[in-house]
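Reader: Could you take me through the strands here, and tell me what stands behind each term you use?

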Amino acid sequence: MTHRVFASAIALSACAASAQNHLQFYLMEGDGQLYRGNFGTNIASFVGNTGLAAFPGTGNGLATELAFDHQGRLFGIGGRNQDDSSRLVRLDPNTAQATTITETEGFGLNALAFGSDGQAFIYEN
């Protein structure tokens, strides 16, 4: 059965090549569902729910961004619509378990990238 994924974020993993030496990718839907795929097979498998779309106390939000740092660690951003709050999390790429790094109030984080030295670049709205 085919399931179409409408990704709100995508990240490429140069550090997580499969046994067949195919580059892996991660997709995240706006509801926080995380998928891992392989360019060699063009198949993406469900990993889990990151919880990024469910903000504590509100249950309402949107998962918006994924990025790997220079050490191959996966990070994500999720935001709350009503007050533009966001949180930056580190994600376990095998379970989708999110560990909050920081949370903002009153402004939203919209984009995330890492330099080769590990410095994070975050765009806030």
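Author: Gladly, and pairing comes first: two strands pair if DSSP finds at least two bridges between them. Strands themselves (E, at least two residues) are DSSP runs, numbered from the N terminus. This is a predicted model, where local features need pLDDT of at least 70, side-chain atom pairs count only at pLDDT 80 or more, and totals for chains, interfaces and linings use all residues. Residues are numbered from 1 along each chain as its sequence is written, and side-chain values use heavy atoms, with hydrogens and water left out.

Reader: How do you know that E5 and strand E6 pair?

Author: The criterion asks for at least two bridges, and 6 bridges join E5 to E6 (residues 74–79), so the two strands count as paired, in the antiparallel sense. Leu-66 stands opposite Gly-76 in E6, and Glu-65 stands opposite Ile-77. E5 and E6 form a hairpin with 5 residues between them, and Gly-72 in the turn has a positive phi of about 85 degrees.

Reader: What makes E5 mostly covered?

Author: A residue is buried when its relative accessible area is under 20% (exposed is over 50%, partly exposed in between, with a 1.4 Å probe and protein chains only). In E5 (residues 62–68), 5 of the 7 residues are buried.

Reader: Why do E5 and strand E8 stand at the edges of the sheet?

Author: The open sheet has 4 strands in the order E5-E6-E7-E8, with antiparallel pairing. E5 and E8 (98–104) each have a single partner strand, so one side of each is left without a neighbour in the sheet. Neighbouring strands of this sheet are turned by 25 degrees against each other on average, direction ignored. For such angles, axes are lines fitted to C-alpha atoms, and the scale runs from 0 to 180 degrees between N-to-C directions.

Reader: Why is strand E3 called largely enclosed?

Author: Because 5 of the 6 residues of E3 (residues 33–38) are buried, the rest of the structure largely encloses this strand.

Reader: Which strands does E3 pair with?

Author: E3 pairs antiparallel with E2 (residues 24–29) over 5 bridges, and with E4 (residues 43–49) over 6 bridges, also antiparallel. Tyr-26 stands opposite Arg-36 in E3, while Tyr-35 has Phe-46 in E4 as its bridge partner. The hairpin of E3 and E4 has 4 residues between the strands, and Asn-42 in the turn has a positive phi of about 60 degrees.
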